[in-house]
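Hi everyone, thanks for making time this morning. I'd like to walk you through one structure, so please have a look at it while I talk.

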Amino acid sequence: MQNISQGRRPYYVTAAMVAAELNHTLASCKEINLTASNAQAASSRIGSAALGFKALTHYIDELAGYTKRAANEINQLAKEASKLATRTARTATALHYFHAARDKASTAIYAYSMAGAIETTEEHYAKLESDFNQVLSKMQVQLLDLKQNLRSANALASICRVEACRVDGRFQTIFVDVANKVDTVAAQIRERVDTAIRLFDSH
C-alpha cells in the first residue's frame, strides 16, 4: 500500500476503474450474442447454401459467452480487490496512530500495554496486504488471458468473410456485416481490456 502513503492513485480506485471498464465489456458481449443469433436466424432462412456459415455462429456465440464469463469473474475480483484495498488503507492508518502513540508514550509506565494491540494490527495488516496482492495478481493474469483469447476473434471474422463469399450473392451482405460486427466489437472489448491492463501498469 505504498501508493497510498505516497499520494498516488489508491489501488481501490484503480480496481473500481477496472470494474467500470469491464462493465462496458459486458454490453459489448451482448452485442456479439445478438450478432450470433441474427447470423443463425439468417443461415436458417437461407438453408443448405449457408451451412458453413451456420456452423460459425456457434463459435461466435462461444466467444461471446467466454468473454462474458471472463469479464464477470474479473469484475468480481476487482470488487474484492477494492474492498481489501480499503480495509488495508484503514488498517495502515490505525497502525500509524498506534506507532505514534507508542513513540510518544515510550517512557510511560504502562507503555508496554500497547504492544499486544500493535502486534495484532501489524499481523492483520500483513495478511490484508498478502490477500490483496494475490487477488491483484489473479486479476492481472485473467486480463491477459482474456486479451489473448480475443485474438481469435480476428481469425473468426476472416473465416466468416470467406464463408460469406460462398453464399448466394443476394445474401452476402448479411454475412459480411456479421463478420464486420465481430471484428468491431472484439476490437472494442480489446480496447477496454488494454485500458484495464494499463491502469494496473500505471502504478
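This is a predicted model: local features need pLDDT of at least 70, side-chain atom pairs count only at pLDDT 80 or more; totals for chains, interfaces and linings use all residues.

Let's start with the helices. Find α2, residues 11-46, and then α6, residues 172-201. Their axes come within 9 Å and cross at roughly 170°. An angle over 145° counts as roughly antiparallel, so that is how α2 runs relative to α6. And what sort of residues make up the contact of α2 with α6? There are 17 nonpolar ones, along with 8 polar and 4 charged.

Now to the core. The largest nonpolar core has 50 residues, and the members that touch the most others are I60, M139, L143 and F175.

On to the cysteines, and a quick reminder for anyone joining from elsewhere: a disulfide is a covalent bond between the sulfur atoms of two cysteines. How many does this structure hold? The count is 0. Take C160: the nearest cysteine sulfur belongs to C165, and it is 11 Å away. A disulfide needs the sulfurs within 2.5 Å, so C160 is in no disulfide. C165 is likewise in no disulfide, with the sulfur of C160 as its nearest, 11 Å away. Are these two buried or exposed? C160 is buried, at a relative accessible area of 0%, whereas C165 counts as exposed, at 58%.

Two more residues before I stop. Q142 is found in helix α4, and its relative accessible area is 18%. Buried means under 20%, so Q142 counts as buried. Beyond its neighbours within four places in sequence, Q142 is in contact with A70, E73, I74 and L77.

Finally, look at K79, which is found in helix α3. With a relative accessible area of 46%, K79 is partly exposed. How far apart are K79 and F132? They are separated by 53 residues in sequence, and by 11 Å in space, C-alpha to C-alpha.

Definitions and conventions. Residues are numbered from 1 along each chain as its sequence is written. Side-chain values use heavy atoms; hydrogens and water are left out. Axes are lines fitted to C-alpha atoms, for helices over the stretch in contact, and angles run from 0 to 180 degrees between N-to-C directions. Helices (H or I, at least four residues) and strands (E, at least two) are DSSP runs, numbered from the N terminus. Angles under 35 degrees count as roughly parallel, over 145 as roughly antiparallel, 65 to 115 as roughly perpendicular and the rest as oblique. Ala, Val, Leu, Ile, Met, Phe, Trp, Tyr, Cys and Pro count as nonpolar, Asp, Glu, Lys and Arg as charged, and the others, Gly among them, as polar. A nonpolar core is a set of buried Ala, Val, Leu, Ile, Met, Phe, Trp, Tyr and Cys residues joined through side-chain atoms within 4.5 Å. Buried means under 20% relative accessible area, exposed over 50%, partly exposed in between (1.4 Å probe, protein chains only). Contact means heavy atoms within 4.5 Å.
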